[in-house]
Amino acid sequence: MSSNTNSNWLDGNDGVYVAGIGLHPYQFPSDTPYTHLGLAAVRGALADAGLDWKQVQSAYVGTTSIGMAAGRVMFRHLGSTGLSVTQVENASASGSFAFRQACMEVAHGISDVVLAMGVDKHGDGRRAANKDGLERLSDTATIPAVKFALMARSYLRERGAGMESMAKVAVKNHANASRNPYAQFRKPRTLEQVLASPKVAGDLTVQQCCPRGEGAAATLLVSGRALKRLGLDPKRCVRVRASFANSERDETTYGQGPIDLVRSSAQAALEAAGIGATQLDLLELHDAFSVEELLYSEAVGVCAPGEGAAYLERGDSQIGGRCAINASGGLIGMGHPLGPTGIGQIAEITRQIRGEAEGRQHPNARWGMAHMIGLGSVAIAHVLSAAQA
């Protein structure tokens with residue numbers, strides 16, 4: 001059975017639910033051991049769900065820079081229960097793919113209680129693309145900041161927009177992050193501050209680019225069949241409605257590949273969930289560079305093509321607007337430690353749908369999408385909803 005094409009696979013085992021979430025705040029690189037970061041997130045998720053470590057049957061760990069077999073070294077501090085442990089690496093999307101693997105295990109009835117987590121320390125950023133034995137026309141060809149700076153210049157030219165349109169993404173997301181206790185950046189920024197910060201590449205300034213750092217995020221997934229047996233409160237359990245993953249096709253126009261990738265993965269996930277993009281109340285997406293939010297909000301379909309900047313300008317993507325985009329602060333504000341980033345998106349959507357995002361709650365949140373891309377490029381989209389949506 002293809003999990004990408006069968007829209008009902010997540011209904012197996014009476015459905016897949018997020019029952020617990022936990023995070024260690026994202027932060028700048030430090031001497032804190034990764035085990036401390038990860039265990040804080042796992043213990044938080046266990047306490048949030050009201051479950052015991054011995055009840056967890058399997059674990060998936062998303063990480064990029066810690067090293068081999070990170071999970072067992074960390075989990076032995078919780079007790080050696082003999083559970084299955086799998087490590088997942090897929091660049092920025094490592095945590096998202098760990099979550100997807102956990103969903104598969106629950107939906108297919110292999111386990112009823114599975115941990116999906118991400119943990120990372122700032123690494124050396126080594127990439128497989130630099131080891132393929134091919135000579136490059138440019139040494140900067142695979143540097144994301146360069147590629148997105150060129151895409152930003154095209155976006156602004158084609159839409160007739162100014163640099164302020166792009167910078168306002170960073171203003172919004174830094175403001176959201178200032179209200180998120182797990183965010184790496186906790187200070188709101190003005191438009192003038194964003195525009196005046198040092199340039200990184202092209203028109204992208206420092207405050208329009210995500211930081212690298214460290215942190216951890218964890219989710220506990222439970223089957224619908226086990227909810228009652230485990231005595232969990234169904235009102236605090238958020239259902240996973242769709243999961244779709246794919247990878248980039250040959251690019252016909254420079255910069256179009258990531259946009260097409262986001263569009264196709266998001267549309268497939270929405271179709272599987274049985275909703276339209278305009279029904280989303282929440283959207284957490286990959287805004288490593290500010291222009292990405294404008295491009296991807298159009299590609300996902302929460303606004304019409306060419307309307308990304310206007311959608312932001314009208315306040316439609318603000319908390320309290322039509323669809324709160326990156327209510328967590330996104331990668332720009334909350335941070336981007338790689339391994340945990342996708343799991344952190346799921347935790348934010350879960351918290352919002354529960355109505356527990358104190359200080360940054362989007363009203364009447366029922367449906368949310370977590371979308372992530374990773375180097376390579378790969379894409380993955382998850383749609384979540386209130387249990388009774």
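1. Helices (H or I, at least four residues) and strands (E, at least two) are taken as DSSP runs and numbered from the N terminus. By that scheme, Ile319 sits in the loop between α10 (308-313) and β10 (324-325). This is a predicted model: local features need pLDDT of at least 70, side-chain atom pairs count only at pLDDT 80 or more, and totals for chains, interfaces and linings use all residues. Residues are numbered from 1 along each chain as its sequence is written, and side-chain values use heavy atoms, with hydrogens and water left out.

2. Stay with Ile319. Contact means heavy atoms within 4.5 Å. With neighbours within four places in sequence set aside, Ile319 touches Asn176, Arg179, Ala324, Ala327, Arg360, Gln361 and His362.

3. Now the helix packing. Axes are lines fitted to C-alpha atoms, for helices over the stretch in contact, and angles run from 0 to 180 degrees between N-to-C directions. Helix α8 (residues 256-273) packs on helix α9 (residues 290-300) at an angle of about 40 degrees, and their axes are 8 Å apart. That makes α8 oblique to α9. For the cut-offs, angles under 35 degrees count as roughly parallel, over 145 as roughly antiparallel, 65 to 115 as roughly perpendicular, and the rest as oblique.

4. The α8 and α9 crossing is right-handed. A crossing is left-handed if the near helix is turned anticlockwise from the far one by less than a right angle, and right-handed if clockwise. From α8, the contact uses Pro258, Ile259, Val262, Arg263, Ala266, Gln267 and Leu270; from α9, it uses Leu295, Tyr296, Ala299 and Val300. By class, this contact of α8 with α9 has nine nonpolar, one polar and one charged residues. Here Ala, Val, Leu, Ile, Met, Phe, Trp, Tyr, Cys and Pro count as nonpolar, Asp, Glu, Lys and Arg as charged, and the others, Gly among them, as polar.

5. Gln267 belongs to helix α8. Gln267 is partly exposed, at 43% relative accessible area. Buried means under 20% relative accessible area, exposed over 50%, and partly exposed in between (1.4 Å probe, protein chains only). Between the C-alpha atoms of Gln267 and Phe244 there are 9.3 Å, and the two residues are 23 apart along the chain.

6. Helix α9 also meets α4. The axes of α4 and α9 come within 9 Å and cross at roughly 60 degrees. The two helices, α4 and α9, are therefore oblique to each other. Their crossing is left-handed. Phe148, Met151, Ala152, Tyr155 and Arg159 in α4 face Val291, Glu292, Leu294, Leu295, Tyr296 and Glu298 in α9. The contact of α4 with α9 divides into eight nonpolar, no polar and three charged residues.

7. Next, the aromatic pairs. A search of the whole structure finds three. Rings of Phe, Tyr and Trp (its six-membered ring) pair if their centres lie within 6.5 Å; planes under 30 degrees apart count as stacked, over 60 as edge-to-face and the rest as tilted. The rings of Phe28 and Phe185 have centres 5.6 Å apart and planes at 55 degrees, so this pair is tilted. Phe28 is in the loop between β1 (16-27) and α1 (34-49), and Phe185 is in the loop between α5 (163-177) and α6 (191-196), 157 residues apart. Phe28 counts as partly exposed at 47% relative accessibility. Phe185 is partly exposed as well, at 22%.

8. Phe148 and Phe289 form a stacked pair: 5.4 Å centre to centre, with 25 degrees between the planes. Phe148 lies in helix α4 (residues 144-159) and Phe289 in the loop between β9 (282-284) and α9, so the pair ties together parts 141 residues apart in sequence. Phe148 is buried, with a relative accessible area of 7%. Phe289 is buried at 10%.

9. Two backbone values deserve a look. Most residues other than glycine have a negative phi. Ala69 has a positive phi of about 55 degrees although it is not a glycine. Ala69 lies in the loop between β2 (58-62) and α2 (70-75), and counts as exposed at 53% relative accessibility. Leu338 also has a positive phi, near 75 degrees. Leu338 is in the loop between α11 (330-333) and α12, and is buried, with a relative accessible area of 13%.
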